[in-house]
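Open the structure in your viewer, and keep the selection panel at hand while you read. Each stop of this tour tells you what to select and then what is there.

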Amino acid sequence: MSYVLGLKCRECGREYPKDVLFVCEYCFGSLEVDYDYANIKKLFTKKALSERPKTMWRYKELLPLDKEPTVGLDSGFTPLIRANNLARALGVEELYIKDDSVNHPTLSFKDRVVSVAISKSREFGFDTVACASTGNLANSVAAQAASCGLKAYIFIPADLESGKVVSSLIYNPNLIGIEGNYDEVNRLCSEIASKYRWAFVNINIRPYYAEGSKSMGYEIAEQLGWKLPQHIVAPSAGGSLITKLWKSFKELEKLGFVAQVETRVHCAQGAGCAPIVTAIKEKSDIIRPVKPKTIAKSLAIGNPADGYYALDAVRRSGGYGEEASDEEIIEAIKLLAKSEGIFTETAGGVTLAAAKKLIAQKLIPRDESIVLCITGNGLKTQEAVVKALPGLIKIKPSLASFEEHIKNGEKQKIAENKVIEYYI
Amino acid sequence: MAKVKVRIPAPLQKITQNKQEVICEAVNIKELITDLERQFPGIKERLLDENGKIRRFINFYVNDEDIRFLKHDETSLSDGAEVSIIPAIAGGINPR
């Protein structure tokens, strides 16, 4: 049973059938899925939800499939953790981590969008899926295509972290490294997408794909007991996640699940690639594309596809934006690990570092509730932090050697503060 | 009045009788759009929204410079200038 009415242009409102379309042929705006909310309201109730499995598919009426999902059945419903240690470190009262670093199957929030996109691509009858990716999307498309026997063509910048490359290659897709940055990869993929009949999850399947991100917002609301936080901080690359978080909250309001939305949505980007944050700070209506330079490679998109919509979401919600330097990103990754036992990738470091700055500037008041969206796993971007960690301390397998170490431990730790390069 | 060459993107060439390039006379982009509409009725509403502003996903370039970084629709034109109209499609389709 589907509640999708069709597609609708986000700019001029023209309506299109639910097909493999993504751009308004009239005004070139992007297309968005349009739902039959009146009918959704009848079936999608808190009571109905309480009996459903704890995955993102518990919200299936608000996801754009016509049939039951066929891949990614265990994606979503990741932990929402009350982060008291980190709250103390930041000097705030009520802080939560939405931990998509343990999403299924590939440890990032991209499992949400890919589960939707590949299920939808199979409905459309495609036998090949493809994507342009900064890494996490590649991993998820590779894994989920493998799980249902589809062919996969995956295009990434050739200089990605080795963890991201290996985590794609292992599933045996056609992985193609492009000598260029993501924006160049994306432009090439647009040309390929217009020539080959493949389901490019983030190009011609984009209207459906992007809806998957909303599940993160629904989960946060439900996990807080159908309440919304006063602040949510999320990273932006193409700008889709914060756009859809905002949409998810507004939908829950429309369906009567939560009171009026008063959540401020804040955008986090790396300092060397912050086109959306720059527009927020300069109060500009223009998003000026940049050439990315940041260790947060997963966010290194200089020409964000949904930048304008992300900007709209931030502005309408009364949110702000902040950017994090490479050093701040690394410090934040370490802080999250030592305070909460969560190892996030560089994008998570960007989110925490940006939140820290927003709190310091009082743009996020210390006594208001905050959710940080941690979107990826640190095991995939070890290069980013390895140089900032102390080396491995080695001792002889004897009690004497251990006790010697205990005695000199601290001194030794400092002395041997060297890089362990064989780790990566 | 400057005489300029205007490159038309493929999706709009139906309106320009399949011409990829047309000649306009105008002193700035705003007038250029008026002249385009005079020559090819129907093109204006594809380029401008209901408030008369250039649509968000339509980019104008004057001699390869994005007019958003010049003076928007007040950007002036000199004789022989080359104007490109390029849809900036979300998701990044190749504009050429």
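**First stop: two crossing helices**

Select helix H9 (residues 214-223) of chain A together with helix H10 (residues 240-254) of chain A, whose axes come within 7 Å and cross at roughly 50°. Axes here are lines fitted to C-alpha atoms, for helices over the stretch in contact, and angles run from 0 to 180 degrees between N-to-C directions. Helices (H or I, at least four residues) and strands (E, at least two) are DSSP runs, numbered from the N terminus. H9(A) and H10(A) are therefore oblique to each other, given that angles under 35 degrees count as roughly parallel, over 145 as roughly antiparallel, 65 to 115 as roughly perpendicular and the rest as oblique.

Before you go on, note that this is a predicted model, in which local features need pLDDT of at least 70 and side-chain atom pairs count only at pLDDT 80 or more, while totals for chains, interfaces and linings use all residues. Residues are numbered from 1 along each chain as its sequence is written, and chains are lettered from A and ligands numbered from 1 in the order in which they are written.

Now show the side chains where the two helices touch: among those in H9(A) are Met216(A) and Tyr218(A), and among those they meet in H10(A) are Leu245(A) and Phe249(A). Two residues are in contact if their C-beta atoms, placed from the backbone, lie within 7 Å. By class, this contact of H9(A) with H10(A) has 6 nonpolar, 2 polar and 3 charged residues; Ala, Val, Leu, Ile, Met, Phe, Trp, Tyr, Cys and Pro count as nonpolar, Asp, Glu, Lys and Arg as charged, and the others, Gly among them, as polar.

**Second stop: a sheet and its helices**

Select the open sheet of 6 strands in chain A, which has the order E4-E5-E13-E10-E11-E12 and mixed pairing; two strands pair if DSSP finds at least two bridges between them. Its edge strands, each pairing on one side only, are E4 (80-82) and E12 (321-324) of chain A. Inside the sheet, strand E5 (residues 95-99) of chain A pairs with strand E13 (residues 370-374) of chain A in the parallel sense over 5 bridges, and Leu95(A) has Ile370(A) as its bridge partner in E13(A).

Select strand E3 (residues 58-62) of chain B and strand E5 (residues 82-87) of chain B, which pair in the antiparallel sense over 5 bridges. E3(B) also forms a hairpin with E4(B), with 2 residues between them, and Asn63(B) in the turn has a positive phi of about 45°.

Finally, colour chain B by pLDDT, the predictor's confidence in each residue, from 0 to 100: its mean is 88, and 92% of its residues reach 70 or more. Over residues 90-96 of chain B the pLDDT is below 50.

**Last stop: where the chains meet**

Show both chains together, and you will find 21 residues of chain A in contact with 14 residues of chain B. On the side of chain A that touches chain B, the largest share, 4 residues, comes from helix H7 (residues 182-195) of chain A.
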